[in-house]
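Here is a short briefing for a reader new to this structure. Please look over the sequence and the model first.

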Amino acid sequence: MATVASKLYSDDVSLLVLLLDTNPLFWSNRSTTFSQFLSHVLAFLNAVLGLNQLNRVVVIATGYCSCDYIYDSSLTLSGNSESGRTGMPALFGSLLEKLEDFIVKDEELIKEQEHDERIASSLLSGSLSMALCYIQRVFRSGHLHPQPRILCLQGSPDGPEQYVAVMNSIFSAQRLMVPIDSCYIGTQNSAFLQQASYITGGVHHAPKQLDGLFQFLTTIFATDLHTRSFVQLPKPVGVDFRASCFCHKKTIDMGYVCSVCLSIFCEHHKKCSTCGSVFGQSKLDGASTVSDKKRKAPDS
Amino acid sequence: MSDWQVKYKSTVKDRGARGILKLREGMLLFVPNDPNSDSKLKVLTPNIKSQKYTKEGSNKPPWLNLTNKQARSHIFEFENYQDMHACRALITKALAKCEEEPNKPAAVLTSAEQLSIADLELRFKVLRENSELQRLHKEFVETKVLTEDEFWATRKKLLGKDSIRKSKQQVGLKSMMVSGIKPSTDGRTNRVTFNLTSEIIFQIFAEKPAVRQAFINYVPSKMTEKDFWTKYFRAEYLYSTKNTAVAAAEAAEDEELAVFLKPDEILAQEARQKIRRVDPTLDMEADQGDDYTHLMDHGIQRDGTMDVVEPQNGQFRRSLLQDLNRHAAVVLEGRNIDVDSEDTRSVAEALARVKQVSKADGETTKDANQERLARMSRVAEMEDLQAPQNFPLAPLSIKDPRDYFESQQGNVVNEPRGAGTLKRNVHEAYGSLKESILEIRTKGLSDPLIKPEVAFEVFRSLTQTISTAKNIIGKNPRESFLDRLPKSTRDEVLHHWTSIQELLKHFWSSYPITTTYLHTKAGKLKDAMSNSYSQLEAMKESVQSELRHQLSLLVRPMQQALDAAFQHYDADLQRRAAKSARGSAGEANGHWNYNKGVIIV
């Protein structure tokens with residue numbers, strides 16, 4: 001790759017890592033088809049690449065049981081267009097090809113798995129980890145690198161079994177100072193995405209109408225990190241901070257927390273399954289109110 | 001007790017009013033003869049600071065001048081000197097008596113209140129520095145909800161810090177040598193004067209254990225302390241004159257002096273013991289060099305001159321090296337006793353005690369000796385000559401990290417789907433997805449990508465969202481709601497928070513209630529808390545309507561805590577009532593009975 005003079009590097013050079021939700025179980029029963037969605041997304045990517053000559057875009061597909069890198073704008077400089085295909089900008093020819101290959105592979109994988117009775121969630125933890133690895137490589141590439149951020153386009157519901165892995169990725173992103181933006185296009189609320197954006201300082205938005213998705217994307221998510229300091233972006237009023245318990249992967253509001261490793265359990269255990277520390281007696285009786293808990297030994 | 005006819009003047013120039021001076025228990029009364037005059041006087045004896053009187057030999061009339069603590073003086077002119085002297089004697093006696101007494105009641109006072117002037121000053125200082133604390137103090141202690149002691153009970157750290165800081169640092173010993181203190185010589189009368197302070201005494205005792213021992217033995221049985229020190233300094237003087245012949249002569253005469261002139265036997269013994277205790281394999285605690293009393297030195301005296309050794313008087317000499325080493329050793333050891341008293345004997349005894357303790361610790365008992373020998377033999381062995389040792393091994397258990405990750409998958413229970421239907425659904429889904437991709441590849445991006453009305457709608461809704469969010473949250477996401485309140489409300493909210501915490505702390509600490517004191521305390525605290533509660537309510541109503549919701553959210557945890565406290569208080573009260581009703585059912589105690597309609601006779 002050609003070295004770039006440093007004076008070309010302005011404040012708003014950005015690296016956008018897009019996590020695309022390709023969960024077939026989600027897309028199979030939506031009013032908006034996947035192709036319409038894809039067209040919005042591809043146009044958005046084009047717009048981002050057009051904002052600055054040095055912008056970079058990486059697309060990672062989040063499948064049902066696997067993830068993979070689909071597109072890296074810094075690798076496809078040589079634009080050997082596919083002649084014969086009409087309508088599609090040559091830039092994204094390879095993207096679509098790789099996407100198709102990925103979906104085929106994903107299908108193969110799911111055939112091998114036994115009946116997997118879990119919620120139809122996509123592998124968000126996997127794609128977050130891959131994005132963070134790529135960003136870490138960019139950080140180590142030298143002095144001049146674009147400012148990375150992650151955009152998560154998700155529609156599938158949260159898989160509570162991925163809670164630990166997702167939280168670990170979120171905290172790593174916080175450490176790296178990489179904001180995670182999230183655009184949730186599904187029906188229910190996604191606690192993971194809200195927490196991710198809140199903790200890392202990104203933007204979370206759930207657009208209601210999908211036919212205006214392109215407008216949402218360009219208005220909110222195309223702003224680079226430098227511009228965000230003087231542009232007002234929509235902020236959610238509250239954040240859903242629910243966690244899932246470590247034993248059953250249920251989403252819980254109140255539970256028990258191990259004081260050594262902070263793992264969350266929904267019921268009383270004798271031993272922590274993560275760190276092995278032994279818990280003491282539970283001080284709570286069956287139906288106790290707040291005042292009961294505070295009362296000391298009864299007077300004799 | 002006695003009455004005298006006197007004339008009372010307030011100043012010297014005053015003509016004086018005639019009357020009777022009565023000395024009663026604890027006070028002085030002057031009653032003028034003329035009932036209309038207003039020079040009646042009553043002076044309490046403790047108030048009298050001093051008394052002056054005119055001498056008999058002078059031409060002045062017999063006057064007694066009493067000055068009281070407020071610097072007012074009362075002059076009484078007596079009829080004759082005898083009366084005056086009698087009165088003066090009685091007053092002196094009374095003054096002496098009442099000087100003893102304040103010591104006793106003062107002792108009682110301090111033990112009851114535990115407050116000295118220094119403490120009070122410290123408290124005021126802390127209050128002055130911390131305005132928050134001062135406000136709390138004003139609110140609770142002055143309205144008698146909490147007492148001073150309770151208020152400060154949890155804040156001992158604030159009060160104690162200063163005093164602890166002062167006494168933490170230990171003062172070491174001076175590095176100047178004692179023998180470097182030059183006496184003042186008086187050339188005229190040929191006297192040499194040494195100045196002794198307790199610091200110097202301490203250092204002498206620390207450096208020369210023989211002197212200490214001699215002190216304990218001789219004083220006060222054989223000689224007084226002054227004599228002891230005189231002898232000691234005579235010995236020092238003799239040393240400094242370097243006249244060993246004279247020293248030997250005097251030592252032969254005076255047995256006690258000889259003690260000071262001999263080399264320090266105790267020290268030598270200690271050094272020998274230390275060397276014996278040394279573990280040749282490892283311990284470098286002491287070695288031959290520690291025995292500095294017997295060091296071969298270069299014969300250099302303190303002022304640098306060389307000296308010829310006279311063998312028979314060799315013991316009456318000390319060299320610079322010995323002195324320096326001993327002094328350095330003592331300074332490095334530091335101050336190991338805390339005795340601060342002026343009494344020389346107690347200092348000597350304390351030092352002796354310490355030395356005995358350390359000696360006892362160091363004494364090697366038979367077991368300790370055995371252990372030492374065993375240790376020496378262990379350390380001295382050579383590894384390659386030993387037989388191979390088979391220690392029992394504990395098996396290594398390294399957990400597979402995959403267990404952690406896989407256990408996180410857990411047993412997730414969903415509604416069970418038939419395997420067949422699942423597979424079919426999945427295949428269909430994948431199929432439709434692939435079709436979509438094919439479609440977009442052939443058709444390309446849709447044109448127009450987005451309808452203008454839709455775009456406009458999006459813009460409008462976004463603008464609305466952002467502006468409403470700005471109203472609710474504020475321009476700066478990091479800004480808290482507290483900053484948006486008017487300053488007075490904000491201060492009030494914060495103050496309520498701290499005061500409610502303080503009240504709750506004392507309230508919960510007074511349970512379980514065992515004494516009446518705690519009972520009244522809980523009652524008072526409960527009243528103060530209900531007061532706070534109503535103030536919170538009033539504050540909520542007084543604030544602007546758009547802030548009200550957020551404010552009530554902010555205030556809610558405080559109110560919940562107060563509610564819990566009230567609940568507990570009422571429940572406890574009920575329980576007590578029920579219990580006392582039950583308890584007194586068997587007694588003939590009618591008025592404790594809460595059961596209606598049952599009268600115990």
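B:Glu457 and B:Arg460 sit three residues apart in helix H17 (residues 452-473) of chain B, so about one helical turn separates them. Helices (H or I, at least four residues) and strands (E, at least two) are DSSP runs, numbered from the N terminus. This is a predicted model, in which local features need pLDDT of at least 70 and side-chain atom pairs count only at pLDDT 80 or more, while totals for chains, interfaces and linings use all residues. Residues are numbered from 1 along each chain as its sequence is written, chains are lettered from A and ligands numbered from 1 in the order in which they are written, and side-chain values use heavy atoms, with hydrogens and water left out.

**Salt bridges within chain B**

- B:Glu457 and B:Arg460 form a salt bridge, with their closest N and O atoms 2.8 Å apart.
- A salt bridge here is a side-chain nitrogen of Lys or Arg within 4 Å of a carboxyl oxygen of Asp or Glu.
- B:Glu457 is partly exposed, at 29% relative accessibility, and B:Arg460 is partly exposed too, at 41%.
- Buried means under 20% relative accessible area, exposed means over 50%, and partly exposed lies in between (1.4 Å probe, protein chains only).
- B:Asp572 and B:Arg575 also meet in a salt bridge, at 2.8 Å from N to O.
- Both residues belong to helix H20 (residues 545-583) of chain B, three residues apart, or about one turn of the helix.
- B:Asp572 is buried, with a relative accessible area of 2%, whereas B:Arg575 is partly exposed at 26%.

**Salt bridges between the chains**

- Over all chains, the whole structure holds 13 salt bridges.
- One of them links A:Glu100 and B:Arg441, whose closest N and O atoms are 2.7 Å apart.
- A:Glu100 lies in helix H3 (residues 93-112) of chain A and B:Arg441 in helix H16 (residues 419-443) of chain B, so this pair joins two chains.
- Both A:Glu100 and B:Arg441 are buried.
- Shared partners join A:Glu97, A:Glu100 and B:Arg441 into one salt-bridge network.

**Packing in chain B**

- Helix H6 (residues 198-207) and helix H7 (residues 209-218) of chain B pack at about 110 degrees, with their axes 5 Å apart.
- Axes are lines fitted to C-alpha atoms, for helices over the stretch in contact, and angles run from 0 to 180 degrees between N-to-C directions.
- H6(B) is therefore roughly perpendicular to H7(B), a label for angles of 65 to 115 degrees.
- H6(B) contributes B:Ile204, B:Phe205 and B:Glu207 to the contact, and H7(B) contributes B:Pro209, B:Val211, B:Arg212 and B:Phe215.
- Contact means heavy atoms within 4.5 Å.
- B:Ser499 lies in helix H18 (residues 487-509) of chain B and is buried, at 1% relative accessible area.
- B:Ser499 touches B:Leu136, B:Glu139, B:Phe140 and B:Ser532, leaving aside residues up to four places away in sequence.

**The sheet in chain A**

- Six strands of chain A form an open sheet with mixed pairing, in the order S3-S2-S1-S4-S5-S6.
- Its edge strands are S3 (67-72) and S6 (204-205), each pairing on one side only.
- Two strands pair if DSSP finds at least two bridges between them.
- Strand S2 (residues 56-62) of chain A pairs with S3(A) in the antiparallel sense over five bridges.
- A:Val58 has A:Asp72 in S3(A) as its bridge partner.
- Helix H2 (residues 34-51) of chain A lies across S1 (14-21), S2, S3 and S4 (147-154), running at about 175 degrees to S1(A).

Notes
Parallel < 35°, antiparallel > 145°, perpendicular 65-115°, else oblique.
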